[in-house]
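Here are my notes on the model you sent over. Have the sequence and the 3D view open as you go through the points.

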Amino acid sequence: MNFTVYNLVYLIICIAEALIACQYFGSIRMYEGSRSIQFASCGVCYALIYLMQFLSDGAGISLLLFFVLNFLLGYFLHGISPGRAALAAGIMAALLLAAEWMMNGIVNSMFIMAGGSQKTLGTIALSAVMARLLYLVFMWILIRIWCILNRDDEEYCVFGMVSLYLVTAASCLVVGVLAELEIRRLITGRMRWMTVCGAMAILLANVLIYWNSSQSRRHYREYTETQVQLEKENAQAEYYRMLAKRSEEQKILIHDIRKHLSQLDSLLQTQDYANASAYVNELLGTPALQPAVRICDNEMASLILGQYKERCREQKVQFYPDVRSKCLDFLSLKELTALLSNLLDNALEASAGAPDAFIDLRIMQKAKTQVVIRMDNSCTIPPRLSKQGALLTHKPDAAKHGFGMKSIGGILKKYNGTIETIYDEKKQVFHTIIYMSVHNFM
């Protein structure tokens, strides 16, 4: 096997290590930028590690560079704190060193038992592949432990995890058999580099299997959370539909109030006080006599805003809604519930506890085909933004949150809308401006 094939082996090994690093850092904190930037950054870092194989013969320097570059990936790319990024990079370097030490020990034992005199490039390459397979298992177990500690393990299947480990163990056994054949000089000529290429394919296949498992789990979780968000919005829509029905009952009761008063007057004239009292209590207990707040001409929007006005009062947040006539009539009940509820939930969460907390919501028509929603609210903690400027949650389990904003995004996409967010750090006020282009909504 010539030196060019040997270089190709270590190039593929570096690619596998880069993919493992992406999985590991993603489990600590999900990358919020584009995939191309993530892969390009990892590619540059691990390309430097690959080049170090030719610039330095010292394993210590390569390991130090491995630690430094992974620290930079964790700190700058994924936004992990310096301490945690250093710890993560240190663990990665330690596990890689342990895997190489263990596999070198096994291969050396095989070499001694076979009575070999000198290691070939093929033996070294196969030993490196087995070390990376073991490193992959170590890192995946570490990711699993991290998810358990963060209570993010509900989607894991024990059978699926064991199956992954068995596949890797079988792959390591196959590569080990190939290494044994190489040590005993039973593989020669063209078969030698074909064997090494096959081992490379086994390594990449294992890495991609783990990667696919991780991505499938993440997509399943996002799908589940999206369904939960939809169920929540459907439940809210049903609740406001019931409130609308109660409002209709109030109108009927007001229409019939003369009949009720006449009946009550008859009971009092006959001095039937017991039945008169029971009749009054029955009327007072009807849902139609429960108080209702009307904030705008859209009945559903008025009910939603009324509920949030009460929640704001309970949390000592001043709420100033101003909704102009017919501005929200183009939205369905589900869209109206999702849009207002998610916006006000975020504003109420940000405003709670702030001095002189307030939420100012204004919805108006601009021109004939555009609706503008502007909301200003107190916000003592500066918001987190993604690389694309999207609003991110402050909650520790960020992967399980943020679906409310995705729901808003779906509505804006339907109505060719845009959203702008501005934070005034001096005044500690967060501004949200939404534009929706709607044709013939009047």
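1. A word on terms before the sheet: two strands count as paired if DSSP finds at least two bridges between them. Helices (H or I, at least four residues) and strands (E, at least two) are DSSP runs numbered from the N terminus. With that in hand, look at M375, whose bridge partner in β7 is T432.

2. Please keep the source in mind. This is a predicted model, in which local features need pLDDT of at least 70 and side-chain atom pairs count only at pLDDT 80 or more, while totals for chains, interfaces and linings use all residues. Residues are numbered from 1 along each chain as its sequence is written, and side-chain values use heavy atoms, with hydrogens and water left out.

3. The sheet is open and has five strands in the order β1-β2-β3-β7-β6, with mixed pairing. β1 (318–323) and β6 (418–424) are the edge strands with a single partner strand each, so one side of each has no neighbour in the sheet. From one strand to the next the twist averages 10°; angles here run from 0 to 180 degrees between N-to-C directions, and axes are lines fitted to C-alpha atoms, for helices over the stretch in contact.

4. Strand β3 (residues 370–378) runs antiparallel to β7 (residues 429–437), and nine bridges join them. On the β6 side, β7 is again in an antiparallel pair, this time with seven bridges. There, I422 stands opposite H431 in β7. Four residues lie between β6 and β7 in their hairpin, and Q428 in the turn has a positive phi of about 55°.

5. Which helices cover the sheet? Helix α11 (residues 333–351) lies across β1, β2, β3 and β7, at about 20° to β3. α10 and α11 themselves pack at about 20°, their axes 10 Å apart. That makes the two roughly parallel (under 35 degrees; over 145 is roughly antiparallel, 65 to 115 roughly perpendicular and the rest oblique). Their crossing is right-handed, meaning that the near helix is turned clockwise from the far one by less than a right angle, with anticlockwise being left-handed.

6. The α10 side of this contact (heavy atoms within 4.5 Å) includes M300, I304 and Y308, and the α11 side includes L336, L340 and L344. Its residues divide into eleven nonpolar, two polar and two charged. Here Ala, Val, Leu, Ile, Met, Phe, Trp, Tyr, Cys and Pro count as nonpolar, Asp, Glu, Lys and Arg as charged, and the others, Gly among them, as polar.

7. Helices α2 (residues 35–55) and α3 (residues 59–77) have axes that come within 9 Å and cross at roughly 165°, and they are therefore roughly antiparallel to each other. This crossing is right-handed. Among the residues in contact are C45 and I49 of α2 and L65 and L69 of α3. The contact has 13 nonpolar residues, four polar and no charged.

8. The whole structure has eleven salt bridges (a side-chain nitrogen of Lys or Arg within 4 Å of a carboxyl oxygen of Asp or Glu). One of them joins R132 to E100 at 2.8 Å, N to O. R132 is in helix α5 (residues 121–149) and E100 in helix α4 (residues 82–114), so the pair ties together parts 32 residues apart in sequence.

9. The axes of α4 and α5 come within 8 Å and cross at roughly 140°, which makes α4 oblique to α5. Their contact divides into 16 nonpolar, three polar and three charged residues.
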